[in-house]
Amino acid sequence: MSTIRLTMAQALLKFLDNQYVSLDGTETKFVAGVMGIFGHGNVTGIGEALERSAGSLVYVQGKSEQGMTHAAAAYAKQKNRRQIYACTTSIGPGALNMITAAGTANVNRIPLLLLPGDNFASRQPDPVLQQLEVGSDYTVSATDCFKPVSKYWDRIVRPEQLMSAALNAMRVLTDPAETGTVTLALPQDVQAEAYDYPESFFAKRVHDIERRSPAASSLHRAVELIRSKKRPLIIAGGGVHYSEATEQLKAFAERFGIPVAETQAGKGALAWNHPLNVGGIGVTGGLAANRLAKSADLIIGVGTRYSDFTTASKSAFMHPEAQFLNINANSMDSAKLEGTALASDAKEALLALIKELSATGYSGEYSEGEITGLKSEWDGEVDRLYALEWDGGLAQTRALGVINETIDARSVIVAAAGSLPGDLQRLWRVSDTKGYHMEYGFSCMGYEVSGAFGAALAEPDRDVYAIVGDGSYLMLHSELVTSLQERTKFTVLLFDNHGFQCIHNLQRGNGSDGFGNEFRYREADTGTYSGDTLPIDFAAHARSLGAAAYKVGTAEELRLALLKAKEETRTTLIEISVVPGTNTDGYESWWNVGVPAVSSSEKVTQAHAEMQKQLSKAKAY
């Protein structure tokens, strides 16, 4: 057996550089590169290996460990999980800063490879800088914190352990049912230790992304269940995109006359103006989908994990005989809501259902014009909100209308948190597949700017826009600088409403007077945040980082700024002043947030009583 002598870090990079995935005969290099920030725990190990690497892995210098890791996850999401960036950091705070992004990728079923440094395996210099020193268990380090947010976790304490760990990492990263965050903790000294690795370890490996076909018995049960129902409703989730099953979804819906509602991750699976697309569903859904959900006797979930926002805390489906058919590659998701599981790749399942169900002559039994009427009514509501004028400034819905109507149809928008995801799921009109990039599994504030950078890296031929509130922007905007460094342009559309107004609205909607969520000065006489709003100049801040920037306060100013931003050659920020509270809300949905049973406020006790009333109508589990 021929061998090659390499350090563990060198061997890891050489291995990653030779990994490929294959789907439907199309082969893709899996690891595009490494994003990293160097510290004492990785600079002389994996950092040195990257510097001397003769391979094709690109190194991207992050500015925040969390930010770059969000960017890597967004890159993988935009690539439909076919290609990734690995992320490397030092030990201690550098590693821990990636945990939020690790959880975000895990919840969203996105492949993410983390390579944090770790304590010395030899323990010779203990305690090394940034070592936790857990007195009850000396094997514990900061990287142990990744265990709950990783689908696979390993610590490489001997260089030869890399081989089994790397293969297991690839097993998870390329598995459409079990993919998520993979953490390989790399002790500082072991990264630099040499070993005679078998040359076969570095041979080109092609990992087949297998399309799991539905079992015959499960398919039969699914067909019989559908045949027994008159008012089925499809919920399209992110799995439709990852399976590249958008055409099959369209064919299935059209063949059997079934309306299609969308989750945040599934939005764009069907063009907004398709006659069977009834829009977003659930807490951030619209009237058409939510009304159909109430009377649906069968919910066909395709690639959705049924979050509480999708199900309106399990209150959306009111038909006494409502049942669920769950098409999902992940067995946990396919078993939810006591549903009939069709554990399968979405494309394979839809093709099989079209074939088997067509032979029965089945069709949904919606009344003539019912779906068209609901869709027309909702489209009119969107038109109204897009044109809404507001005394005292620009309404958030009006701003979104201007943006939707001005930017190219092939553009990609990226968002994650605050009131914007609700408005976007309800109102945004998506014409092009993968044009709607929403992180709403974790609803992670700070994802937006980093995610837009990752999406722009993934699709350099499309315009990318980060749609972000001022609160999220303040939390994390570091990768704006990385985009300038990489000459990878995107545009930040910053909605300035002077605070965490989404949660401010939620407070007041449940009896609170509003507390601690607006960006105001503390008043000396009251000791509370009741002073003037903070005069933050976000455009000036962006310019100070090297970006182009504009400030707007009217619809026409916004339209002109969008046209100018398109002509810019560098990342651009448009600061949009909007009136707080001018977002959408409601549309016959409910969200269980747990209102206090005891309060000195009568408004809160009334809100609690309303919660109990709604809870009594919802499914218990």
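The structure is a predicted model, in which local features need pLDDT of at least 70 and side-chain atom pairs count only at pLDDT 80 or more, while totals for chains, interfaces and linings use all residues. Residues are numbered from 1 along each chain as its sequence is written, and side-chain values use heavy atoms, with hydrogens and water left out. Helices (H or I, at least four residues) and strands (E, at least two) are DSSP runs numbered from the N terminus.

**Cavities**

- On a 1 Å grid over the protein atoms alone, a cavity is a set of points where a 1.4 Å probe fits but cannot get out, and lining residues have an atom within 4 Å of a point.
- Grid points are joined across faces, edges and corners, and a volume is the space filled by probe spheres set on the points.
- At least two lining residues of the largest cavity come from each of strand E14 (277-280), helix H15 (370-386) and helix H17 (420-427); the largest share, 4 residues, belongs to H15.
- The lining of the largest cavity consists of 6 nonpolar, 3 polar and 6 charged residues, where Ala, Val, Leu, Ile, Met, Phe, Trp, Tyr, Cys and Pro count as nonpolar, Asp, Glu, Lys and Arg as charged, and the others, Gly among them, as polar.
- The second largest cavity, of about 70 Å³, is lined by Lys77, Gln78, His241, Tyr242, Ala265, Lys434, Tyr436 and His437.
- Helix H3 (65-78), helix H9 (238-242) and strand E19 (436-438) each give at least two residues to the lining of the second largest cavity, which by class has 3 nonpolar, 3 polar and 2 charged residues.

- Asparagine 80 is located in the loop between H3 and strand E6 (84-89).
- Leaving aside residues up to four places away in sequence, asparagine 80 touches His241, Tyr242, Glu244 and Lys434, contact meaning heavy atoms within 4.5 Å.
- His241, Tyr242 and Lys434 also belong to the lining of the second largest cavity.
- Asparagine 80 and glutamate 244 are separated by 164 residues in sequence and by 8.1 Å in space, C-alpha to C-alpha.

**Largest pocket**

- A pocket is an open set of grid points with protein on both sides within 12 Å along at least five of seven lines.
- H17, helix H19 (470-475), helix H21 (501-509) and helix H24 (602-615) each contribute at least two lining residues to the largest pocket, and H21 gives the most, with 6 residues.
- The lining of the largest pocket divides into 17 nonpolar, 21 polar and 4 charged residues.

**Packing of H11 and H15**

- Leu287, Ala288, Arg291 and Leu292 of H11 meet Glu370, Leu374, Lys375, Glu377 and Trp378 of H15.
- This contact involves 5 nonpolar, no polar and 4 charged residues.

**Salt bridges**

- Aspartate 333 and arginine 109 form a salt bridge at 2.9 Å, N to O.
- Because aspartate 333 lies in helix H13 (residues 331-334) and arginine 109 in the loop between helix H5 (99-107) and strand E7 (112-118), the pair ties together parts that are 224 residues apart in sequence.
- Aspartate 333 is buried at 3% relative accessibility, and arginine 109 is buried at 17%.
- Glutamate 459 and arginine 462 form a salt bridge with the closest N and O atoms 3.2 Å apart, and both residues are buried.
- Glutamate 51 and arginine 52 pair at 3.6 Å, N to O, and both are exposed.
- A network of salt bridges links Asp24, Arg211, Asp345 and Lys347.

Technical notes:
A salt bridge is a side-chain nitrogen of Lys or Arg within 4 Å of a carboxyl oxygen of Asp or Glu. Buried means under 20% relative accessible area, exposed over 50%, partly exposed in between (1.4 Å probe, protein chains only).
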